[in-house]
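Dear colleague,

I am passing this structure on to you, and I would be glad if you could look it over alongside the notes below.

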There are 2 protein chains.
Amino acid sequence: MNKTIACKVIKVVEDKSYDCDELLVCEYSLTIFLNKKRLATLLCSPEKLRELTLGFLRTERLITSLDDVLNFNLDEEKGTVEVETVNKDASRESFFSKKVDLESIKGTNTTNVSGAQNFLNEVNCEPVKSDICLDVNKIYAFMAEDLDYSVVFKTTGGVHCVALCDSQKIKVIAEDVARHNALDKVIGEALTKEIYLKDKIIILSGRVSLEMILKAAKLQIPVIISKSAPTSLSVALAKKVNITLVGFVRGNKMNIYSNAERIKL
Amino acid sequence: MNKTIACKVIKVVEDKSYDCDELLVCEYSLTIFLNKKRLATLLCSPEKLRELTLGFLRTERLITSLDDVLNFNLDEEKGTVEVETVNKDASRESFFSKKVDLESIKGTNTTNVSGAQNFLNEVNCEPVKSDICLDVNKIYAFMAEDLDYSVVFKTTGGVHCVALCDSQKIKVIAEDVARHNALDKVIGEALTKEIYLKDKIIILSGRVSLEMILKAAKLQIPVIISKSAPTSLSVALAKKVNITLVGFVRGNKMNIYSNAERIKL
């Protein structure tokens, strides 16, 4: 499917106008049915839909590997995907664990970033263990590569880009109108390629929301690097689950928010 | 509550590092209970929480005015708000109308922006009727004012800003880590101030997602102006429901995507 679509627009410069063709980023609606029950409808970019579905199921802890998937039927025309898994009972409960996660974060409504007792237990994540060490110059280089990739972003201004790397190079990259979908696509593609995640790095073109850290924590991914700003809860969670969080990577500058020992200066 | 919070970061410039205090944008979790049932947990910026709650209930069509609210009990410490409404039965069904909306959009998975039969009926919105006419120079001015407002954005880079205007000036303005919350805050504040919405304009600092147009359509707001890009479904829905959509307002330039008759050059 096309990632962009031509659209007639009226361009205005000061008080003069003219007709023009402009590219829009395509938004697509994908409804996931798990074991014949409707699970979720994702508004997404129409590419890597198989990866998106698998990554969504993986980060929601409904599957752990491709072996858990018995049948997978994607209908691009209708915007539906039907997935049958080995463990039919896993569905509802695990899906709502996401809501429980968010609910449990209530305890962190404090202005003290390091506050919030029992927070880690409540979000149900083990602290991330990893000896990965990443050279600071590699981070500058990744960010440049990452941005180079996104032709759609350059032409339409409307997508987020996420990459999965080891300490040397980018392994998987995806983009989407929603940042959490872009991450799920990367996770799904890693799943299909059997890429081990616990020593990898996630690079984001956009802001770091709490959900991004939650997803990374669930999968035990040790390093998250963003071109943009993290929120207070993102930093709090990254510290708690032992994730290295780097933000505002721009040109030859960056901020390290947590677990700086994994970054080699 | 504080909108930003100081955080120790390690700043890196090239391969040199130093410790530094940086401001983070605060993220807060608010759980809404409607008529004693848990309705939703919103991750948001900790200000205008009453407006956020009322705006969320309004755009989800669970209330139409303040008269529908019998009791309102916000606990900022716990991050909860309990709302009791006159019509107790409205809750579940109306809330899930949002999912039905998204579900119904499946039919628009086409590369033809103007395609998708029955789309308008399915999203359950009347076409917006309004004779409002907005001067193009006013749009440039609004966008400058809008950005001037957001001190938090300037210091942390992490929030979206939404304003509600008439053809002359900004009436209500709000910011949030999530763009849909910022819009709900503006709607909620308009509700408490009894501002008539059907001749107003929404100005967004960020991208125009489909949800923003859906919310505006539900409330019959005729004009949406953004500093950034709309998606294909946003443009499709704006055309269908007769909303004027303007994007990429930067300096003295802009793109008009739909219903240009409301913009006076």
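Predicted model: local features only at pLDDT ≥ 70, side-chain atom pairs only at ≥ 80, totals over all residues.

Residues are numbered from 1 along each chain as its sequence is written, chains are lettered from A and ligands numbered from 1 in the order in which they are written, and side-chain values use heavy atoms, with hydrogens and water left out.

In the interface, 64 residues of chain B are in contact with 64 residues of chain A, contact meaning heavy atoms within 4.5 Å. The area buried between the chains is about 5,300 Å², 55% of it from carbon and sulfur atoms, where buried area is the accessible area (1.4 Å probe) that two parts lose on being put together, summed over both. Across this interface the rule finds zero salt bridges, a salt bridge being a side-chain nitrogen of Lys or Arg within 4 Å of a carboxyl oxygen of Asp or Glu.

Within chain A, helix H1 (residues 49–59) packs against helix H6 (residues 179–192) at an angle of about 95 degrees, with their axes 6 Å apart; helices are DSSP runs (H or I, at least four residues), numbered from the N terminus, and axes are lines fitted to C-alpha atoms over the stretch in contact, with angles running from 0 to 180 degrees between N-to-C directions. H1(A) is therefore roughly perpendicular to H6(A), a term for angles of 65 to 115 degrees. Among the residues that meet there are A:Leu52 and A:Phe56 in H1(A) and A:Ile187 and A:Leu191 in H6(A).

Note on methods: Helix = DSSP H or I, 4+ residues; strand = E, 2+ residues; numbered from the N terminus. Parallel < 35°, antiparallel > 145°, perpendicular 65-115°, else oblique.
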